Amino acid sequence: MGLENASGTFDIGGDLTVHRLGFGAMRITGDDIIGEPDDVENAKKVLHESLTHGVDLIDTADSYGPAVSERLIGEALAPYPDDLVVATKGGLLRNTDGDWKPNGDPDYLRNAVLGSLDRLRVDTIDLYQLHRPDPHVPFEDSVHALAEMKDEGLIRHVGLSNVSVEQLDEARDIVDIATVQNRFNIGDREFEASLDACEKYGVGFIPWYPLGAGDLGDRADAVAAVAEKHDATPQQIALAWLLHRSDVTLPIPGTSSVSHLHDNVAASHIALDDEDMDRLA
């Protein structure tokens with residue numbers, strides 16, 4: 001299996017063409033996603049290496065670090081290649097205990113966008129996603145804030161994360177939604193209805209936790225058998241399954257290791273057949 005990204009392409013928002021296998025930049029931070037990584041230069045090397053192998057979608061968030069992941073991306077890669085899409089998210093606060101606390105207040109989101117623009121060293125964010133609905137703020141207020149910043153040119157495309165089909169529909173009445181990022185992997189298909197809705201609407205579906213930290217549940221034996229057939233690892237089969245599951249899936253496996261990055265890109269070359277997909281279903 002080669003090391004070029006062979007995952008096919010998807011047009012985010014209809015106009016940003018990316019390879020469907022992207023890179024999630026959460027793991028280039030410190031332990032528990034707080035602070036600097038132990039080896040900053042290695043983190044930047046992983047970012048550069050992803051581009052070398054045809055990855056042109058990098059997903060991050062202001063809460064990763066917090067702020068560390070965005071800053072390292074800006075330092076390592078800006079000014080960005082024309083074909084690179086950098087997506088980020090806002091709407092979660094961090095504390096030293098590692099908690100993730102929703103904040104969907106419109107004024108907070110506006111401030112968060114300004115901070116992300118600065119750290120990423122851009123004038124417009126390619127894809128800005130609401131990281132999580134805030135139960136203490138009307139969902140439509142949060143979405144309206146992102147819609148307004150899109151109108152102002154601070155955001156090119158609006159995305160959502162951790163949302164239901166009903167919330168997706170509510171948001172689509174306010175602004176065009178380019179992507180939905182929900183937890184989804186071969187062992188955890190709770191949000192399958194959200195994926196189905198994205199297929200119907202032509203919206204990109206970004207499955208976070210795409211490898212499920214290796215926990216494949218009751219599908220572990222089936223995955224192992226398919227992995228042996230293709231001379232691959234179970235993790236590679238999990239990624240290949242996501243790519244084959246739907247033409248709108250945009251998996252973003254993350255790593256702080258160059259060799260692991262190579263394994264992930266190699267998974268885009270695995271051609272699962274109908275028998276494999278039936279076994280994994």
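Q: First, is Glu192 buried, partly exposed or exposed?
A: This is a predicted model, in which local features need pLDDT of at least 70 and side-chain atom pairs count only at pLDDT 80 or more, while totals for chains, interfaces and linings use all residues. Residues are numbered from 1 along each chain as its sequence is written, and side-chain values use heavy atoms, with hydrogens and water left out. Glu192 is partly exposed, because its relative accessible area is 24%, and buried would be under 20% and exposed over 50%, using a 1.4 Å probe and protein chains only.

Q: And what does Glu192 touch, leaving aside its neighbours within four places in sequence?
A: Glu192 is in contact with Phe184 and Arg245, where contact means heavy atoms within 4.5 Å.

Q: Which helix holds Glu192?
A: Glu192 sits in helix α6, residues 192-201; helices are DSSP runs of H or I with at least four residues, strands are runs of E with at least two, and both are numbered from the N terminus.

Q: Switching to the sheet, in what order do the strands run?
A: Seven strands make an open sheet with parallel pairing, ordered β3-β4-β5-β8-β9-β10-β11, and its edge strands, β3 (23-24) and β11 (204-208), each pair on one side only. Two strands pair if DSSP finds at least two bridges between them.

Q: How many bridges join β8 and β9?
A: Strands β8 (residues 125-130) and β9 (residues 155-161) pair over five bridges, and Ile125 stands opposite Ile155 of β9.

Q: What covers the buried residues of α8?
A: The cover includes β11, α7 (220-229), α9 (258-266) and α10 (274-280), and among the buried residues of α8 are Ile237, Trp241 and Leu242.
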